[in-house]
Each structure stands twice: as C-alpha cells, then as structure tokens.
Amino acid sequence: SSGDIDIQSFNTTENSNITTSSGDVVIKSSQNAYIETTTKSGDVNVSNSDRFAPYTITINTSSGDISVN
C-alpha cells in the first residue's frame, strides 16, 4: 500500500507495526515505546526512542522517509 502516514501523537499499550510500501511515516510525538525501523530507500530520523520501554513500534517502508520526534 502506498501513501504517507502522519500521526500527531502515539502512546501505545502494546507492540505495534506501521508499514507502507511507498510513502513517508511521520510520528510527531511518541511515548512509552522503543522505535525499530527499516527502509530500503529513504532517510530515518528518530529522536525519541526508549530502548528500555515496555513496547516496540516497528516501522517499515520500502521507499519512504521515517521521522519520529
């Protein structure tokens, strides 16, 4: 599936997956999560990720940028 994903605020209470084949993923604010990313063709900018958080947000893109603040 293609298209951008733009999330203003993400506070999870379980492990979560976000996937797009062609599009950018932007999370403006995340809490309580470790951010794990993969992209084949795109830039990754993660400034807020807690490796010891109880939950993981896995973000995958084939062609797109990933930005998490």
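Biologist: Which residues does Ala-33 touch, not counting residues up to four places away in sequence?

Modeller: Ala-33 touches Thr-12, Ser-49, Asp-50, Ala-53, Tyr-55 and Ile-57, where contact means heavy atoms within 4.5 Å. This is a predicted model, in which local features need pLDDT of at least 70, side-chain atom pairs count only at pLDDT 80 or more, and totals for chains, interfaces and linings use all residues. Residues are numbered from 1 along each chain as its sequence is written, and side-chain values use heavy atoms, with hydrogens and water left out.

Biologist: Why is Thr-20 called buried?

Modeller: Thr-20 has a relative accessible area of 3%. Buried means under 20% (exposed is over 50%, partly exposed in between; 1.4 Å probe, protein chains only), so Thr-20 is buried.

Biologist: What lies 3.2 Å from a polar atom of the side chain of Thr-20?

Modeller: The backbone oxygen of Gly-3 lies at that distance. A polar contact is a pair of N or O atoms within 3.5 Å; within protein, one must be able to donate a hydrogen and the other to accept it, and residues adjacent in sequence count only if both atoms are side-chain atoms. Gly-3 is also among the residues that Thr-20 touches, as are Ile-5 and Val-25.

Biologist: In which sense do strand 6 and strand 8 pair?

Modeller: They pair in the parallel sense over 8 bridges, and pairing requires at least two bridges found by DSSP. Strands are DSSP runs of E, at least two residues, numbered from the N terminus. Ile-35 stands opposite Ile-57 in strand 8. Strand 3 and strand 8 are likewise parallel, over 6 bridges, with Ser-16 opposite Ile-57.

Key:
Helix = DSSP H or I, 4+ residues; strand = E, 2+ residues; numbered from the N terminus.
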